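Hi everyone, thanks for making time today. Please have a look at the sequence and the structure, and then I'll walk you through a few places in it.

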Amino acid sequence: MSHLKKKVIIIGAGFGGLQVIKSLGNNSNFEILVIDKKNHHLFQPLLYQVATAVLSPADIAIPTRSITTNFKNVKILYGEVTGINFNSREVSFQNRNEKYDYLVIATGAKTSYFGNSQWQSKTLGLKNLKDALAIRKQILLSFEQAELIGDYEKAKSLMHYVIIGGGPTGVELAGSIAELSHNIIRKDFRSIDSGMTKVTLIEAGPRLLNAFSENSSTFTKEKLESRGVEVLTNSPVLDITDTGVVLKDRTIVSNTIIWAAGVEGSELSKKLSINKDKANRIIVDEYCRSTEYQNVFVIGDAANFSKGLNRPLPGVSPVAMQQGRYVAKIIQSIEKNKTLTPFQYFDKGNMATIGRTDAVAEFGGIRLKGLMGWLGWLFVHLVYQVGFKNKMSTLISWVWSYLTFRAGSRLIQEEANDISIGS
């Protein structure tokens with residue numbers, strides 16, 4: 001006797017969405033429709049390595065369809081959601097509507113400029129492959145332009161890279177750019193010495209890596225400075241102009257300014273008439289459901305989960321993955337009329353790499369730094385990558401870069417917009 005399948009629409013196939021897909025894949029009780037404006041799952045923690053020419057885009061991205069090939073109840077549609085009618089339970093995208101029984105919003109986040117949207121055109125963000133390739137192009141072009149000028153004094157602003165935001169992304173970018181310029185490409189130029197490159201990391205707060213212990217924060221600052229990075233803490237940005245960054249006590253002249261200081265809910269979240277916080281994240285209850293609609297779940301960076309907590313859960317991949325698996329179970333429990341158990345996040349710790357053989361990692365009471373931290377970071381990032389080919393190609397690229405001090409992906413694309421696997 002056949003039964004009516006319940007339709008689950010998942011918006012976004014990032015870390016959270018992918019876990020829902022995997023958990024409900026081939027479950028005969030559900031029909032799964034995944035709508036995503038990208039055709040690939042992106043391993044975002046390694047975006048900075050694409051931006052600094054260590055890895056290529058294919059090393060950290062895998063087509064969503066290839067992940068879901070064996071899930072016969074999963075259908076992938078490549079398109080952008082333009083609206084949701086929560087009352088009629090309909091999702092609008094690409095001039096069509098689809099009805100749902102359950103909706104999972106897993107749209108991630110976008111870069112936040114804290115109300116200073118005019119800074120967006122003067123900086124480069126790092127949230128997707130398009131961003132990473134734009135940064136890579138800008139960095140490599142700046143060296144080529146400096147070589148054309150052939151005079152370090154005249155090329156100073158070209159070879160000065162400013163990163164705003166002292167969280168993991170900012171730290172990882174600063175260390176990686178310093179390594180690229182001071183070591184990896186140093187012998188490649190004749191008219192300039194890329195070792196004269198200056199990297200400045202700006203943090204508004206009192207220390208780097210605020211989510212880590214003070215010990216790890218101090219270690220990170222010392223290691224960055226030993227690599228030639230200038231670290232400025234307690235330095236809120238007052239303005240960003242076409243020529244540089246204005247701080248309270250100085251103006252830093254630079255042609256390359258990278259913004260790694262904050263995130264907010266996606267464009268879709270911003271549009272929706274639903275309970276949100278100031279950062280456009282949708283407020284959810286203890287079951288990861290919208291506080292207004294019982295059949296609408298929100299996970300990962302798109303959600304503000306703060307039930308019983310002092311602050312909302314952080315926008316990191318372990319949160320999204322755990323929430324994705326949890327929501328899949330909750331949907332099944334609802335269908336079976338089972339008692340629902342509130343979501344509890346198991347904190348697996350924090351990690352940030354500073355550069356070659358240096359990283360900080362904190363797991364509960366265990367704190368690793370230096371080479372041990374780096375090996376821990378290497379292992380975890382390989383384990384969580386999706387796809388065997390990706391893991392192997394990434395490992396080979398890392399080993400090659402480590403043994404030879406070379407970066408193999410130093411291609412300047414004619415147009416970053418031309419990438420074929422989405423933005």
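**A short tour**

Let's start with E153, which counts as exposed at 53% relative accessibility. By the rule used here, buried means under 20% relative accessible area, exposed means over 50%, and partly exposed is in between, with a 1.4 Å probe and protein chains only. Before we go on, a word on the source: this is a predicted model, where local features need pLDDT of at least 70, side-chain atom pairs count only at pLDDT 80 or more, and totals for chains, interfaces and linings use all residues. Residues are numbered from 1 along each chain as its sequence is written, and side-chain values use heavy atoms, with hydrogens and water left out.

Back to E153: which residue does E153 meet in a salt bridge? The partner is K156, at 3.4 Å from N to O. K156 is partly exposed, with a relative accessible area of 40%. A salt bridge here is a side-chain nitrogen of Lys or Arg within 4 Å of a carboxyl oxygen of Asp or Glu. Side chains of opposite charge can pair when their charged atoms come close.

How many salt bridges does the structure hold? There are 16. One that I like is between K110 and E264, where the closest N and O atoms are 3.5 Å apart. This pair links distant parts of the chain, with K110 in strand β10 (residues 109-111) and E264 in strand β18 (residues 263-265), 154 residues apart. For these names, helices (H or I, at least four residues) and strands (E, at least two) are DSSP runs, numbered from the N terminus. E264 is buried, since its relative accessible area is 16%.

K110 also forms a salt bridge with E267, and there the closest N and O atoms are 2.3 Å apart. That pair links distant parts of the chain too: E267 sits in helix α8 (residues 267-271) and K110 in strand β10, 157 residues apart. E267 is partly exposed, at 39% relative accessible area. Elsewhere, E179, K223, R227 and D358 are linked in a network of salt bridges.

Now for the backbone. Most residues other than glycine have a negative phi, and most peptide bonds are trans. C288 has a positive phi, near 65°. You'll find C288 in the loop between β19 (282-283) and β20 (296-298). Is C288 buried or exposed? At 0% relative accessibility, C288 counts as buried. N337 also has a positive phi, near 55°, and lies in the loop between α9 (317-335) and β22 (350-355). N337 is exposed, with a relative accessible area of 70%.

Last stop, the surface. L371, M372 and L375 make a nonpolar patch of about 280 Å². Patches are made of residues with over 30% relative accessible area and no salt bridge, joining like charges within 9 Å and nonpolar side chains (Val, Leu, Ile, Met, Phe, Trp, Tyr) within 5 Å. The areas come from the Shrake-Rupley method with a 1.4 Å probe, and for residues, only the protein chains shown count as cover. L375 is in helix α10 (residues 371-384) and counts as partly exposed, because its relative accessibility is 40%.
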